[in-house]
Amino acid sequence: MKIVFSWLRELCPVELSPEELSDLLSWKGLHTESIVRPWEGLSGVVVARVLEVRDHPNSEKLCVARVNYGSGEREVVVGVRNMRPGDLVPLAGPGAKVPALPEPLSRREIRGVVSEGMICSPHELGISADHTCILVLPDDVPEGTEFKTLYGLDEVVVDLEVEANRADELSVLGVAREVAAATGIPLTPPDVSVAESETPAAEAATVEVRDGERCPRYLARVIEGVSPGSSPIRVQARLTASGMRPLSNVVDATNYVMLEMGQPMHPFDLARLDGRGIVVRRAEEGERLVTLDGVERVLSGEDLVIADRAKAVGIAGVFGSAAAEVSAATTEVLLESAHFAAYAITRTSRRLMLHTEASTRFGREADPEAVAPAAARAAGLIAEWAGGAVLRGAIDVGRPPERRRLSVRPERAAQVLGYGTSAADVAESLGRLQIAAEKRDHVVEVEVPGFRPDLQEEIDLIEEVVRVQGYDNLGSTLPGIKRPGGFAPTYEFRRRVRDALVRAGLREALSLSFASPADLDLMGVEAAAGVRVANPPSADEPFLRPSLVPNLLKALGRNAARGARGAALFEVGHAFRLDGAVQERELVAAVVNGPAGEGLHAEPRELDFFDAKGALEALVDSLGVGEWILGDAPGDPWHPGRSALVLVAGRAIGVVGELQPRAAERFDAVGRVAAFELDVGQLSEHASRARAVRDIPRFPPVRRDLAFVVDATIPAGAVRDAVSAAGGPLVDRIVMFDVFQGPPIPEGKKSLAFSVDFRAPVRTLVGVRSRAPHGLVRYHAPHGAELPVGRRSVSVRALGDPRPRGQGQGVPLRLFGTAGGAQRGDDLREAVHPDPGLFRSGDRRAGCAPPGPVFGGAAAGEGRDHRGYRAGAVPLRRRDRPAHLRAGTSGGAGPGRHHPGGERALGLRASVPMPGRPPDGEGVEGTPCGTHARLRRRREQRGPLAPARGGQGRGPRPRGHAPGLRADPPGGASGPGDRRGDRRGSRGHPRS
């Protein structure tokens, strides 16, 4: 609501400056949007008298006027010729400034004639939008007077934000009432007295109301003998500053009173009304009416119209029509001042998409008690500005509703406000707001006036009390409550979603919940599945939105149209679909578009699918969502190769990807547009409040780079999950850093390269520990992947309990080579001790406790038992110690002495391929020392055996298949007992 400051001071003569008054009103709940001085750019314009008007010698449309401005004469070239010699006009000479021009005026030549300034129209002076004629001033103005000072155009306009329930503040009188209550200065209401003629108004016109529910009261006044023309210049200036267009003195009078008192009114040409009367009725279904803007409107049976005996002449409370409008030929005016039901006016205004000053006030419940005073005020101004006589009395049908009565308990007010207040204080505070209040039996009885329909309960009156007394009187301590506070779970989860996306670098957008048919078509929703709104705010958007994405794309387009190079936006809101009944879902959606960064060090790329997926990952990680994967492409409007469904627990909860270019172009978005949209309800089902945290690891990671060649159709995420599962609990981090297709990769294949960090929580991975997880992943090559390692293929598998030392049984990981064997220099020792029964006490005292497991093979030496031990109590020699049994030998625990966890935990089962039988999940039975029956069976199954490389005994081994050994070179196979084979196989390890 724009309030002209001088107009406000006429009703409440406050001495505060506009800025001081703005601060004061802010403390009373009236926020100031801006303070504007519309005529700040007007200076140097004076009143001049026209002495002569003649034709321009070189133009048929222009003329030359000679004027006297008090201290001299000037000649100016004029484009119109509505002034005559003797008229007073505003003259802007050289150096003068007018609001319509950015620069001061100067002497210039126009078609061969020098013009010394300009004679101004109302548009050039900022008084109205009319630029078709020169402004002719009244004859009683002295020449040479400054125009701005003469008409008080040192105006200040205060633009106030008015709440939806405060219709009284949509007027100068309502704001003046607030100022009076805040400052204590008495309020001076407008003068509503009017001089009337002897002729009764009831004899000149009639009024009939056929719908008393939608029109509880209709009042009409009649003015005869009017002469329509221009309203006073000061009135035109105030209307223009308030945002309204001056038209004529009759129409301007009704608009002026509406801004002043808040009561909309409408003048009719009485002579053009059939039957010289008004009928208030419902419109007929399909009835048509041409409104004042020249548009033909189709009405429904729910619309209320103002009609004469033959036709509709206006839409009640919204807009008039050309059928009975006031024109220059009008001599009799019927002035309408009525009260209409707010719901009826709001429905009609929304359905017809007609939002006017009148419908805004009626839709917020205008004061029903202002009908008669406002009509009297407007009738008096019409008679003053346009001449004529106001007929005696008014044609008044209906009556205002009875006032509502409420009561306020001072003790209740003190409890709510947190400080003591008496009944006298309550009554005095309400009285300053022109609300009648009286103390009765410790209770304040209040009669609610018609201009305050928002006062419905006791708590509303308590709020008015503290507004008058001042919010600074409220204490800083919170009152005690019996119930704990906090957010409801749904609101709290929604806040978590918003916070997560803001931390991810996105900005929240808010949009209306309406959609156009094009929006439904974009998201692949048929019109039959869309929820159509009966009275949409816009005819272009008759549906409720089925998705948040179209509105976010529109926001991107608006940003691009205003020069923004990109944006990252998100929204949390509701979407609707029709599936038998209306299905309402809460969704979260985000869109990213534009460059990834700007500046010297910014990455030169556009935001794309991976940026949207990164924001999605940040969201689900912040919410504690467990396992989630990306599925198949969802279809239009998503790009088929750059989009995927978001699956949680096997159920689709949304989609992420880039939009097809044609879809983005429909919204004027430039470049790639990536987005995601998730169902908040389903997301909350899988979210968790608990977050797993851990200390920063003390022990360094072991980083290995692995490349897999897989089918091109296999998702990278599936391979990554397989790598993580194969690596076990020691996998700390997996990052894919390369994707390659093309030669030498076979057609239909792709190479995925991952950087894998292995880390143990309680120790540093060294030696075999550092290579064991790597080999484990290689053995479990995911999805049939081919993993080239040098010139050979190594298969790795894990056996035993993965828990670290001291926390359970066995060895975390075991390495077993295939036919390729381990590479030279590989250390196959493990730091976790096997069963103590494998060693004697002297070994521990001498520090000879074996550091690793005992591998399969045959024990060497004479006089040993089935476990490879000699008889007697002497310490074992170096060659006899199981800790130094070379790869390819095995020391078993023997019957009854098994390590906890069985043979597999000790590595007694090796992954050794057998002819006609590939390695399986259980491995192949190994060769525990001393078990001759097994050796015989193995000899029968495998044929000739070769001595073990580096072995200290004479135990047999299968040729080329010994665990952990390199295969014999071609042509160099050794038979049983071949010392050359033994020496060659034990390079660097001489026999004992």
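Me: Leaving aside neighbours within four places in sequence, which residues is I233 in contact with?
Reply: I233 is in contact with I127, L135, L137, F147 and Y151, once neighbours within four places in sequence are set aside. Please note that this is a predicted model.

Me: Where does I233 lie?
Reply: I233 lies in helix α6, which covers residues 233-241.

Me: Is I233 buried or exposed?
Reply: I233 has a relative accessible area of 8%. The cut-off for buried is under 20%, so I233 counts as buried.

Me: How far apart are I233 and L137, in sequence and in space?
Reply: The two residues are 96 positions apart in sequence, and the C-alpha atoms of I233 and L137 are 8.4 Å apart in space. L137 is also one of the contacts of I233 given above.

Me: Let us step back to the whole chain. How many helices and strands are there?
Reply: The chain has 25 helices and 43 strands.

Me: What share of the residues counts as buried?
Reply: The chain has 992 residues, and 47% of them count as buried.

Me: What share of the contacts comes from residues 24 or more positions apart?
Reply: Taking the contacts with a separation of 6 or more, 68% are between residues 24 or more positions apart.

Me: On to helix packing. How is a pair of packed helices described?
Reply: The description uses the angle between the two axes and the distance between them.

Me: Then at what angle do α14 and α17 cross?
Reply: Helix α14 (residues 489-503) and helix α17 (residues 609-623) cross at roughly 140°, and their axes come within 9 Å. That angle makes α14 oblique to α17.

Me: Is that crossing right-handed or left-handed?
Reply: The crossing of α14 and α17 is right-handed.

Me: Which residues make the contact?
Reply: From α14 the contact takes F493, R496, V497, A500, L501 and R503, and from α17 it takes A615, L619, S622 and L623. Sorted by class, the residues of the contact of α14 with α17 are seven nonpolar, one polar and two charged.

Me: What about α12 and α13, at what angle do they cross?
Reply: The axes of helix α12 (residues 423-432) and helix α13 (residues 458-469) cross at roughly 80° and come within 9 Å. The two helices are therefore roughly perpendicular to each other.

Me: Which residues are in that contact?
Reply: Helix α12 contributes D425, V426, S429, L430 and R432, while α13 contributes L461, E464, V465, V468 and Q469. The classes in the contact of α12 with α13 are five nonpolar, two polar and three charged residues.

Me: Now a strand residue. Where is the place of V710?
Reply: V710 is in strand β37, residues 702-711. With 1% relative accessibility, V710 counts as buried.

Me: How far apart are V710 and A785?
Reply: In sequence they are 75 residues apart, and in space V710 and A785 are 5.0 Å apart, C-alpha to C-alpha.

Me: Turning to the backbone, which kind of peptide bond joins D636 and P637?
Reply: D636 and P637 are joined by a cis peptide bond, with omega about 0°. P637 is in the loop between β33 (628-630) and β34 (638-648).

Me: And what joins P743 and P744?
Reply: A cis peptide bond joins P743 and P744 as well, with omega about 5°. P744 is found in the loop between β38 (731-740) and β39 (749-758).

Me: What is the phi of R111?
Reply: R111 has a positive phi of about 55°, although it is not a glycine. R111 lies in the loop between β7 (108-110) and β8 (113-115), and at 52% relative accessibility R111 counts as exposed.

Me: And the phi of D441?
Reply: D441, a residue other than glycine, has a positive phi near 50°. Its place is in the loop between β25 (436-440) and β26 (443-448). D441 is exposed, with a relative accessible area of 72%.

Conventions. Residues numbered from 1 in each chain as written. Predicted model: local features only at pLDDT ≥ 70, side-chain atom pairs only at ≥ 80, totals over all residues. Heavy atoms only, no water. Helix = DSSP H or I, 4+ residues; strand = E, 2+ residues; numbered from the N terminus. Buried < 20%, exposed > 50% of the residue type's maximum accessible area, 1.4 Å probe, protein only. Contact = heavy atoms within 4.5 Å. Axes fitted to C-alpha atoms, helices over the stretch in contact; angles between N-to-C directions. Parallel < 35°, antiparallel > 145°, perpendicular 65-115°, else oblique. Left-handed = near helix turned anticlockwise from the far one by under 90°. Nonpolar A, V, L, I, M, F, W, Y, C, P; charged D, E, K, R; others polar.
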